[in-house]
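Please study the sequence and the three-dimensional structure below before reading the explanation. The paragraphs that follow move from individual contacts to pockets.

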Amino acid sequence: MRKLIVIVLALVMAAALVPSRDVIAEGPHQTSPDVIELPNGFQPEGIVTGRGTSIYAGSLVAGAIYKADLRTGEGALLVPQQEGRVAVGLGFDRRTNYVYVSGGPTGQAFVYDGATGAEVGVFQLTTESETFVNDVIVTQRAAYFTDSFQPVLYRLPLLPGGRLPEPSEVETIPLGGDFQFVSDPGAFNTNGIEATSDGKFLVIVNSAVGALYRVNPRNGEAKLIDLGGASMPNGDGLLLKGHRLFVVQNFLNQIAVVRLNDRLTSGEVRKTISNPSFDIPTTIASFGASLYVVNSRFSTPPTPDTEYTIVKVDRDPDDD
């Protein structure tokens, strides 16, 4: 009997030491750091999540790209600084593991391998002297870029499987319809961009007028999204999850949550999300039940020692 008891206890203890299926899976609800530190002096603007638990941040300083792990908060430079380059908004294609980068005043787009950091493509989107390629969204068929100084979108058509086209394939799509362009010098117009899951429509924000638009990607026809009298001043990065649109309002240090109708022609601002750690957030990404924003700290004079962070906030389940 004593021997039987010993065997039973040993089996119980062994079972206790075997991780449960939930622990092995390590799903997105696992505890992760609320703040991810970026290199001092990094001057971030864009972020995007990638495969697994990867998140990428781009730097306005010579176009560097930083890659971190959302579970541990640890990271390292994926793409080093390169003279003459700028990294503003970021996009990601899970098919290829490519990171797409908006090149700001360079008028260019850069594409890197999300695992190795190797350059896989450079595209001259425009040769206009007044340009600021601000943000990008990748769909099944194309990557679309905004230009804050021109009333256009740039379309980079993608080949099957997300393969890159020849540089000459870049298309310019004039924004029409309801789109309102402010021509004042330095006015930031089109900023963040998102797309529906089927790629049928794009959603953009015009920072200069605080307006959201639904855009037909085939012809650039823009339809003003009726917010019932509300507006989106300081609208920056966008994140579309079903019918919920998250709008980062940078200098307001908040995220507006907009419930859109089925046709994306009207919406209601349901609430705003703020956090004491926000310091002029610019762009937004999601992982599991969390949202991540990057602090640009635009009101803080940049120095090589200035600290920058990515901040996590909880997303209400009703926001799905």
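R95 and D93 form a salt bridge, with their closest N and O atoms 2.7 Å apart. The term salt bridge here denotes a side-chain nitrogen of Lys or Arg within 4 Å of a carboxyl oxygen of Asp or Glu. The model is a predicted one, in which local features need pLDDT of at least 70 and side-chain atom pairs count only at pLDDT 80 or more, while totals for chains, interfaces and linings use all residues. Residues are numbered from 1 along each chain as its sequence is written, and side-chain values use heavy atoms, with hydrogens and water left out.

The two partners of this bridge can also be described by their accessibility. A residue is called buried under 20% relative accessible area, exposed over 50%, and partly exposed in between, as judged with a 1.4 Å probe and protein chains only. D93 has a relative accessibility of 4% and therefore counts as buried, whereas R95, at 30%, counts as partly exposed. R94 is partly exposed, with a relative accessible area of 48%. The C-alpha atoms of R94 and G50 are separated by 6.9 Å, although these residues are 44 residues apart along the chain.

How many salt bridges does a search of the whole structure find? The search finds 6. One of them joins K312 to D34, with the closest N and O atoms 3.5 Å apart. K312 belongs to strand β25 (residues 308–314) and D34 to the loop between α2 (21–25) and β1 (35–38), so this pair ties together parts that are 278 residues apart in sequence. K312 is buried, its relative accessible area being 12%. A further salt bridge brings together the side chains of R270 and E268, at 3.3 Å from N to O. Both partners are partly exposed: R270 has a relative accessibility of 44%, and E268 has a relative accessible area of 46%.

Aromatic rings provide another kind of contact. Rings of Phe, Tyr and Trp (its six-membered ring) pair if their centres lie within 6.5 Å; planes under 30 degrees apart count as stacked, over 60 as edge-to-face and the rest as tilted. The whole structure contains 6 aromatic pairs. Among them is the tilted pair of F132 and F149, with 6.1 Å from centre to centre and 50° between the planes. This pair links distant parts of the chain, 17 residues apart: F132 is in the loop between β9 (119–124) and β10, and F149 is in the loop between β11 and β12 (152–157). F132 counts as buried at 15% relative accessibility.

The rings of F179 and Y213 have centres 5.3 Å apart and planes at 55°, so this pair is tilted. It too links distant parts of the chain, since F179 lies in the loop between β14 (176–177) and β15, and Y213 in strand β17 (residues 211–215), 34 residues apart. F179 is buried at 11% relative accessibility, and Y213 is buried with a relative accessible area of 1%. Ring pairs also link F132, F149 and F188 into a cluster.R214 lies over the face of F201, at 4.2 Å from the ring centre. A charge sits over a ring if NZ of Lys or CZ of Arg is within 6 Å of the ring centre and within 35 degrees of the ring normal.

The final topic is the pockets. On a 1 Å grid over the protein atoms alone, a pocket is an open set of points where a 1.4 Å probe fits, with protein on both sides within 12 Å along at least five of seven lines; lining residues have an atom within 4 Å of a point. The largest pocket holds about 940 Å³ of space. It is lined by 36 residues, of which F92, I137, V138, E194 and A195 are the closest to its centre. The largest share of this lining, 5 residues, comes from β19. The second largest pocket holds about 250 Å³ of space. Its lining has 14 residues, and R141, Y144, R155, G199 and P217 lie nearest its centre.

Technical notes
Points joined across faces, edges and corners; volume = space filled by probe spheres on them. Helix = DSSP H or I, 4+ residues; strand = E, 2+ residues; numbered from the N terminus.
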